Amino acid sequence: MANRITKKMTVTRVSYGLCELVDGEMTYVEQPDLILKGIRSKDFVRKHLTKKHGADANVSIKNIDAGEHRFSMCLEDFVLAADVDVDESAEETPAGNPAPEAAESGMVTEDAPTVDEPAGDSSHGESSSDESGDDGEESNFPW
């Protein structure tokens, strides 16, 4: 079984559509669901949709589902759909540490010396012996 990411969140999911007049006939055009953070009232949702589509748009709300839900998705799908936050990882790693290049290439690295590299010696030539990357800090990865 594949690894899954699960998170409980309080959201308001709104199913709605726009009523449009096409060639003298009223048509209902289904819109993608709107997801809002937190529990929102019908008045708030209506104001938000009016602001989004304009004051003269005829918005028809089908369903509002507000509450705490448990969301889950496959780890592979999450990694494919998620944006890589390069700025955050660059701020957390000290200069001269090769971890950002490895993170951008998709490889997961750990802060442990390799077999080929003796402790305190750097084969990259960029960092001195006191910047070997193993300074007692935790890994930059949240897991």
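## Structural briefing: a 143-residue chain

Of the 143 residues in the chain, 15% are buried. The model is predicted. The chain contains four helices and four strands, and the order of these elements from the N terminus is β-β-β-α-β-α-α-α.

**Overall surface and contacts**

- Counting contacts between residues at least 6 apart in sequence, 64% join residues at least 24 apart.

**The largest nonpolar core**

- Nine residues make up the largest nonpolar core: V14, Y16, L18, L34, L36, V45, L49, V59 and I61.
- Two or more core residues come from each of β1 (4-22), β3 (34-37), α1 (42-53) and β4 (58-74).
- Strand β1 provides the largest share of this core, with three residues.
- I61, one of the core residues, is in contact with V14, S15, Y16, V45, R46 and L49, leaving aside its neighbours within four places in sequence.

**The buried residue T12**

- T12 lies in strand β1.
- T12 has a relative accessible area of 0% and is therefore buried, since the term covers residues under 20%.
- A polar atom of the T12 side chain lies 2.7 Å from the backbone oxygen of G38.
- Leaving aside neighbours within four places in sequence, T12 is in contact with L34, I35, L36, G38, I39, R40, V45, I64, D65 and A66.
- Among these contacts of T12 are L34, L36 and V45, which are also listed in the largest nonpolar core.

**The nonpolar surface patch**

- I5, M73, L75, F78 and V79 form a nonpolar patch on the surface, and together they have about 380 Å² of accessible area.
- Helix α2, spanning residues 75-81, gives the most to the patch, with three residues.
- V79, a member of the patch, is found in helix α2.
- V79 counts as exposed because its relative accessibility is 56%, and exposed residues are those over 50%.

**Two residues set side by side**

Note on methods:
Residues are numbered from 1 along each chain as its sequence is written. This is a predicted model: local features need pLDDT of at least 70, side-chain atom pairs count only at pLDDT 80 or more; totals for chains, interfaces and linings use all residues. Side-chain values use heavy atoms; hydrogens and water are left out. Buried means under 20% relative accessible area, exposed over 50%, partly exposed in between (1.4 Å probe, protein chains only). Contact means heavy atoms within 4.5 Å. A nonpolar core is a set of buried Ala, Val, Leu, Ile, Met, Phe, Trp, Tyr and Cys residues joined through side-chain atoms within 4.5 Å. A polar contact is a pair of N or O atoms within 3.5 Å; within protein, one must be able to donate a hydrogen and the other to accept it, and residues adjacent in sequence count only if both atoms are side-chain atoms. Patches are made of residues with over 30% relative accessible area and no salt bridge: like charges are joined within 9 Å, nonpolar side chains (Val, Leu, Ile, Met, Phe, Trp, Tyr) within 5 Å. Accessible areas come from the Shrake-Rupley method with a 1.4 Å probe; for residues, only the protein chains shown count as cover. A salt bridge is a side-chain nitrogen of Lys or Arg within 4 Å of a carboxyl oxygen of Asp or Glu.
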